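Hi everyone, thanks for coming. Let me put the model up, and then we can walk through its pockets and a few of its contacts together.

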Amino acid sequence: SDFGEVQAQYQDLGGYELEARAKEVLHGLGFHDAQIENDVGALSGGWKMRVGLARILLGTPDVLLMEEPTNHLDIESILWLERFVRDYPGTVVMTCHDKDFMNRVVDRILEIDTGEFTTYTGDYDFYVRQREIANANREAAHARQQAMLAKERRFIERFQTHAAKAAQVQSRVKKLEKIEI
């Protein structure tokens, strides 16, 4: 009875499909049947990295963290990984310098810059365009603010000795003290 329950649980967790899934992932990462049957210890560092990647991919965690996933992969393996990542049922978070790969698989980019987080919805090229627009807008806003500050400072310098304008000068001084540059 206990064996039957364990066997049912093993089947429910996909135990019987694991070998087939493992071969599918290993084939996708460029392994041939002969390599799959051999000792992992005999593999080079790059191939061991692929075994580690396959092991993680087979685990299907809710969140998959990947750093430079295309490193050490040939083009066929990169294309396979691309399909795998696009179809992945969980969340994939990665750092990657392969812009073409990112354009094909990402739909959201989180930029972290000096403690500020900005989210862009779209591929990498969209992110680059939006970031350039945001930077141009920030620079224009900064230039407008600098012009306004210069104008206010000129007013204060010009009229700080005029008694009739004292209230206006004080008001503008307080205004400048509150402005976040």
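How many nonpolar, polar and charged residues are there in the lining of the largest pocket? The lining has 14 nonpolar, five polar and five charged residues; here Ala, Val, Leu, Ile, Met, Phe, Trp, Tyr, Cys and Pro count as nonpolar, Asp, Glu, Lys and Arg as charged, and the others, Gly among them, as polar.

A quick note on the source: this is a predicted model, where local features need pLDDT of at least 70, side-chain atom pairs count only at pLDDT 80 or more, and totals for chains, interfaces and linings use all residues. Residues are numbered from 1 along each chain as its sequence is written, and side-chain values use heavy atoms, with hydrogens and water left out.

Back to that largest pocket, which holds about 730 Å³ of space. A pocket is an open set of points on a 1 Å grid over the protein atoms alone, where a 1.4 Å probe fits, with protein on both sides within 12 Å along at least five of seven lines; lining residues have an atom within 4 Å of a point. Grid points are joined across faces, edges and corners, and the volume is the space filled by probe spheres set on them. Of its 24 lining residues, Val92, Met94, Val106, Arg108 and Ile109 are the closest to the centre. Elements giving two or more residues to this lining include helix H5 (75–87) and strand E3 (108–113); helices (H or I, at least four residues) and strands (E, at least two) are DSSP runs, numbered from the N terminus.

The second largest pocket has a volume of about 220 Å³. H5 turns up again, with the largest share of that lining, four residues. Helix H2 (18–28) and helix H4 (45–58) each supply at least two. By class, this lining divides into seven nonpolar, one polar and four charged residues.

Finally, E3 pairs with strand E4 (residues 116–121) in the antiparallel sense over six bridges; pairing takes at least two DSSP bridges. Ile112 stands opposite Phe117 in E4. Two residues separate the strands of this hairpin, and Thr114 in the turn has a positive phi of about 45 degrees.
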